[in-house]
Amino acid sequence: MSDPKVTSIVLVTGPSGAGRTTAINVLEDLGFEAIDNLPLRLLPGLVSAAGNVAPMALGLDSRNRDFSPAALLEVIDMLEAREGCDLSVLYLDARPEVLLRRYSETRRRHPLAPGETPELGVQRELSLMGAIRDRASLLLDTSDMNVHQAKAEIEHLFAPGGRNLALSIQSFSYKRGVPRSVDMVFDCRFLDNPYWDKNLRGLNGCDAAVQAHVQADQRYEGFFARVLDLTRFLLPAYRDEGKSHFSIAFGCTGGQHRSVTLAETLAKALAEEGQQVSIRHRELQS
């Protein structure tokens, strides 16, 4: 168990094109507070103000306005000596020809040679970053990795036990339209509607009586079992693909009874299996 009095900080650095942005994104998905391209002069104040909070991932490279190897080494020394700070320096590296190929593919100008050839920029940056590379506590060469493999390696370094896909489940009313940016939608309007029972009309799908009414529909059990099996099948597949979040929505006419019941029941079943689940009932919260 981690010490709550210790703040974990990962400095993510390396030559442009080696995968620093990918690493920052993965760490953010793992729960780190991620800040990219932070000016070095602001870092000590940021760490002091942060206190004992969530772990931080800080992206630092030669694009920083006040970057220099000496300045970054001073920051590393300062953080290593700081009480209550658990520092890791993650250095993303790649062979020169790989960095050059990646720049050729994106057709971007190299930050250290904006008006010259990318070859010169790569050479300058590798020379500049050499001292930082020597101080790295974690070195990851991405030369022979695609983006999915790089993500998996970074997850292995910082979440050895693996991570669950963050799952959000919500309910909604078709009268107000399908929620935007939802990965999978299920229509619950074929189930018996508690709205027509005057004793249930004023309740919602969070209430046991409403849930019992919906679940009494002979079609409910088969529907729910198939949805649960499909979700169990998809979540590991999307996680392996590198997806960090998956959203499921249940819709019914008013967004009060049937969709809420399905969302609540599915969220409970998956949470009991150890899945990280958040839930939102759009029509109950609006």
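**Close-up views of a predicted model**

View 1. The face of α3 turned away from its buried side carries Glu74 and Ala81, both exposed. This is a predicted model. Helix α3 spans residues 69-81, 13 residues in total. From first C-alpha to last, α3 reaches 18 Å, close to the 18 Å expected at 1.5 Å a residue. The buried residues of α3 are Pro69, Leu72, Val75, Ile76 and Leu79. These residues lie on the same side of α3 because they cover an arc of only 120 degrees around the axis. An α-helix has 3.6 residues a turn, so residues three or four places apart point the same way.

**View 2. Four strands form an open, parallel sheet.** The strand order is β7-β8-β6-β9. β7 and β9 (277-281) stand at the edges with a single partner strand each, so one side of each has no neighbour in the sheet. From one strand to the next, the twist averages 15 degrees.

**View 3. β7 pairs with β8, and helices pack on the sheet.** Four bridges join β7 and β8 (residues 245-252) in the parallel sense. Met184 has Ile248 of β8 as its bridge partner. Helix α8 (residues 220-241) touches β6 (166-173), β7 and β8. The direction of α8 makes about 180 degrees with that of β7. Helix α9 (residues 258-272) touches β6, β8 and β9. The direction of α9 makes about 165 degrees with that of β6.

**View 4. Trp196 sits in a loop.** The loop runs between β7 (184-187) and α7 (208-215). Trp196 counts as exposed because its relative accessibility is 66%, and exposed means over 50%. Trp196 and Gln149 are 47 residues apart in sequence. In space, their C-alpha atoms are 53 Å apart.

Key. Residues are numbered from 1 along each chain as its sequence is written. This is a predicted model: local features need pLDDT of at least 70, side-chain atom pairs count only at pLDDT 80 or more; totals for chains, interfaces and linings use all residues. Side-chain values use heavy atoms; hydrogens and water are left out. Helices (H or I, at least four residues) and strands (E, at least two) are DSSP runs, numbered from the N terminus. The expected span of a helix is 1.5 Å times one less than its number of residues. Buried means under 20% relative accessible area, exposed over 50%, partly exposed in between (1.4 Å probe, protein chains only). The arc is that of the directions from the helix axis to the C-beta atoms. Two strands pair if DSSP finds at least two bridges between them. Axes are lines fitted to C-alpha atoms, for helices over the stretch in contact, and angles run from 0 to 180 degrees between N-to-C directions. Contact means heavy atoms within 4.5 Å.
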